[in-house]
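Please take a walk through this structure, one element at a time. Keep the sequence and the 3D view side by side.

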Amino acid sequence: MRKALIAGNWKMFKTEEEAVLFTEELARRVADVQDREILICPPSLYIYPVVHALVDSSVMVGVQNIFWEDQGAFTGEISAPMARSTGARFAVIGHSERRQYFAETDDTVNKRLMACLKASLTPIVCVGESLEEREAGRTLDVVGSQLGKGLKGVSAKDAPHLVIAYEPVWAIGTGKTATPQLAQEVHAFIRSVLKGIFGEKPALAIRILYGGSVKPDNIDDLMAQADIDGALVGGASLDAASFERIIRYKG
Ligand code: PGA
């Protein structure tokens, strides 16, 4: 019912040449994959050459962030219509590294998300608790509050265009993946929050990705969970063989 989405978040890695070579190799490796969607999110500088390298491929391209105004005197920023005009179809919004290092808040997540929807760019809205919050038993409160504030004003009509990524901060880049059961518990909670906001049917159409140390050896068990509809992969998406194995998860 929900087509799985496997997304690679390159973060701030690769030169332009490496980006293009990687993309060409990935496109060759996954040319036969049809039953799941594949997305790569390179640094914005490389959107154009990467999109160009994918003309004959079903692999899609996204950006890692956008600013909420369409245009203006905002040195260093790129807008959702700009990203869309280069061929990007998705945008990662509110990644924990942006919350941690670039003062992203639930309020700015909401502004960016609205800008994405207006520009027909699919937002991947990231939520997740820190280790301290988990240990204090506050995971569901934190995630519920991030969703409530981040998704403010989104209509049920737009809901199916949303993608949510649950990324526990303590699992990102640490090699410590959430167990499939623990991830499913939070994903099921996210689904219930989405039902409360948008109603049953729209909520069932929203894909909820898991992110945080996803690797070839844990993807199968994660994808076997009822409410895990895909993955947002950092480190393991930088290597074509490991990303291919993740894309070809069994299940
Ligand atoms: P990781 O990153 O797979 O390297 O843990 C995931 C992410 O930050 O999206």
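**From a buried strand residue to the ligand**

A231 is buried, with a relative accessible area of 2%. This residue sits in strand β8, which spans residues 230-233. Keep in mind that the model is predicted. What does A231 touch, leaving aside its neighbours within four places in sequence? Its contacts are L5, I6, A7, L209, Y210, V214 and I219. D217 is 14 residues apart from A231 along the chain, and the two C-alpha atoms are separated by 13 Å.

Now step back along the chain from β8. Q225 lies in the loop between α10 (219-223) and β8. Is Q225 buried or exposed? Its relative accessibility is 17%, and the cut-off for buried is under 20%, so Q225 counts as buried. A polar atom of the Q225 side chain lies 3.3 Å from the backbone oxygen of D221. Beyond residues up to four places away in sequence, Q225 touches P180, Q181 and Q184.

Just after α8, G199 takes a positive phi of about 95°.

R191 deserves a stop of its own. This arginine lies in α8. Its relative accessibility is 3%, so R191 counts as buried. Which backbone oxygen lies 3.1 Å from a polar atom of the R191 side chain? That oxygen belongs to A203. Leaving aside neighbours within four places in sequence, R191 is in contact with R2, A203, L204, I206, I208, D227 and D229.

Next comes helix α7, residues 139-150. Its 12 residues reach 16 Å from first C-alpha to last, close to the 16 Å expected at 1.5 Å a residue. T139, V142, V143, G144, Q146, L147 and G150 are buried in this helix.

Follow the cover to α5. This helix has 13 residues and reaches 18 Å from its first C-alpha to its last. That is close to the 18 Å expected at 1.5 Å a residue. The buried residues here are D106, T108, V109, N110, R112, L113, A115, C116 and L117. They pack against α3 (80-85), β4 (90-93), α4, β5 and α7. Just after α5, S120 takes a positive phi of about 55°.

Turn now to the loop between β1 (5-9) and α1 (16-29), where K11 lies. Phi of K11 is near 55°, a positive value in a residue other than glycine. K11 is buried, with a relative accessible area of 19%. K14 is placed in the loop between β1 and α1. Its phi is near 85°, again positive in a residue other than glycine. Is K14 buried or partly exposed? At 21% relative accessibility, K14 counts as partly exposed. The reason is the cut-off: buried means under 20%, and exposed means over 50%.

The last stop is the ligand. Which residues come nearest? Of the 13 residues around the ligand, they are K11, H95, E167, G173 and S213. The shell divides into 4 nonpolar, 7 polar and 2 charged residues. E167 places a polar side-chain atom 2.7 Å from an oxygen atom of the ligand. A polar backbone atom of G235 is 2.9 Å from an oxygen atom of the ligand. On its own, the ligand has 280 Å² of accessible area, and the protein covers 96% of that.

Conventions. Residues numbered from 1 in each chain as written. Predicted model: local features only at pLDDT ≥ 70, side-chain atom pairs only at ≥ 80, totals over all residues. Heavy atoms only, no water. Helix = DSSP H or I, 4+ residues; strand = E, 2+ residues; numbered from the N terminus. Expected span 1.5 Å × (residues − 1). Buried < 20%, exposed > 50% of the residue type's maximum accessible area, 1.4 Å probe, protein only. Near = heavy atom within 4 Å. Polar contact = N/O pair within 3.5 Å; in protein donor to acceptor, adjacent residues only side chain to side chain. Areas by Shrake-Rupley, 256 points an atom, 1.4 Å probe, with all protein chains shown as cover. Nonpolar A, V, L, I, M, F, W, Y, C, P; charged D, E, K, R; others polar. Contact = heavy atoms within 4.5 Å.
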